[in-house]
Amino acid sequence: VALAACGATEAPPPTEAPAPTEAPAEAPEAKTLKIGTLVSLEFPLGVDMQKELDALVPVLNEQGGIKVGDEQYQIEIILYDTKLNPETGRAGAERLVFEDEVDFILGDETTDAWLSVTEPEKVLVVSMSPSPAVLDPQFNYVFQAGTITSGAGAMWGWLAENHPELKTVVAMFPDDGKGQAEAGMLEQIAAAYGFELLDVSFYEPGTSDFSTYATHLATLNPDVYTTAAGGPVQDALSMRAMREAGWDGQIFLKTTLSPQKMSEIIDLSLVEGTIAGMAGTTVPEPPPIAQELIDAYTAAYGTWDSPEVLHVLSFYVLKAALEEAGSLDVDAVAAAMLAGLEFDSPAGQGITASRPDLGNERATDTVYEAIIGQIVDGEAVVIDTVPMDKVIEYNNKLRGLE
């Protein structure tokens with residue numbers, strides 16, 4: 001006590017040496033899911049797909065990527081340009097399978113040229129292709145994901161039911177695989193729904209002057225003019241040529257209506273009243289999945305210029321199948337799709353479906369709800385929505401399955 005009173009301090013008790021600290025555990029390496037993509041960058045719709053993926057995938061990766069079972073995977077897109085050439089597409093497929101070692105590929109119109117590469121290797125292909133070959137029951141690992149197979153039946157079935165006064169039809173298509181497929185489909189449509197197909201003109205890819213074709217078709221005085229497969233520029237130019245030829249009937253498109261894109265090519269007054277399909281990205285109040293794509297694209301490129309979503313649907317279908325399967329096992333993902341996979345997309349709600357008309361009872365095709373729009377005062381206006389059961393009804397009639 002005396003020592004304390006004189007200002008002295010007690011010595012602190014001895015302390016134990018601190019325990020050595022462990023080095024912080026290294027964060028687990030992020031898992032990556034490689035997805036191959038084969039699409040033509042010489043075709044406007046292929047460029048749209050590339051730009052959409054380039055904008056969307058980084059956003060999804062920032063949100064954690066794709067959740068497959070209990071794991072999160074960052075998405076890596078490996079894209080090769082097919083130039084819409086079967087040989088080039090096949091070379092790209094061989095590179096994806098044997099060099100990049102991908103298990104999943106998003107394909108385009110060249111898909112049937114390289115299925116002999118992917119099928120033996122059990123690489124799952126989700127494709128936008130009009131070719132019936134991708135729906136052949138001999139193939140186990142290819143699925144058609146675009147609106148291209150069910151959209152035409154839904155749109156034309158709706159037109160036949162709601163506008164019975166429109167009877168005669170003419171069309172223009174590019175003279176290539178896409179255009180020939182469209183012409184074959186239109187012949188089926190006319191027979192199924194009672195239209196009279198007066199004539200189809202085929203133009204050379206790259207054509208910009210459609211006056212000769214339009215003058216011929218206009219002299220037939222059809223009720224309806226339709227076109228597809230040329231991309232936004234050539235489709236719009238062909239419509240302008242029909243009007244300049246003096247024809248004033250109904251323009252009807254099964255493809256997505258985009259007045260914004262048309263206005264960059266032609267005067268919208270020429271296509272006032274056009275009836276066409278719409279996607280979730282083109283309606284006045286887009287649903288969340290469409291708005292996400294719009295926001296990502298706008299952030300990346302500064303503006304939403306109404307890109308077509310036809311080809312990028314393959315990505316959304318594959319993503320939904322991976323999440324449903326909860327596995328990267330190719331057979332498990334294929335099984336999820338074959339079970340009648342319901343999914344959401346920027347085009348609208350969809351479901352995988354069988355094609356008994358092609359002898360294929362497996363759900364390797366897709367069906368989408370249909371949104372009908374019309375150009376009114378230069379704007380796209382929704383005039384009707386065809387629910388899934390009605391879309392299936394229209395397509396069953398088209399395919400002789402009633």
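Trainee: Which helix gives the most to the lining of the largest pocket?

Mentor: Please note that this is a predicted model, in which local features need pLDDT of at least 70 and side-chain atom pairs pLDDT 80 or more, while totals for chains, interfaces and linings use all residues. Residues are numbered from 1 along each chain, and side-chain values use heavy atoms, without hydrogens and water. A pocket is an open set of points on a 1 Å grid over the protein atoms alone where a 1.4 Å probe fits, with protein on both sides within 12 Å along at least five of seven lines; lining residues have an atom within 4 Å of a point. Helices are DSSP runs (H or I, at least four residues), numbered from the N terminus. Here, helix α6 (residues 177-193) gives the most, with four residues.

Trainee: Which residues lie closest to the centre of the second largest pocket?

Mentor: They are Leu84, Glu109, Thr110, Gly177 and Lys178, out of 13 lining residues. Helix α6 again gives the most to this lining, with three residues.

Trainee: How many residues are in the largest nonpolar core?

Mentor: In soluble globular proteins, nonpolar side chains tend to be buried together. A nonpolar core joins buried (under 20% relative accessible area, 1.4 Å probe, protein chains only) Ala, Val, Leu, Ile, Met, Phe, Trp, Tyr and Cys residues through side-chain atoms within 4.5 Å. The largest core here has 45 residues, and helix α11 (residues 313-325) supplies its largest share, eight residues. A second, separate core of 30 residues includes Trp158 and Tyr193.

Methods
Helices (H or I, at least four residues) and strands (E, at least two) are DSSP runs, numbered from the N terminus. Buried means under 20% relative accessible area, exposed over 50%, partly exposed in between (1.4 Å probe, protein chains only).
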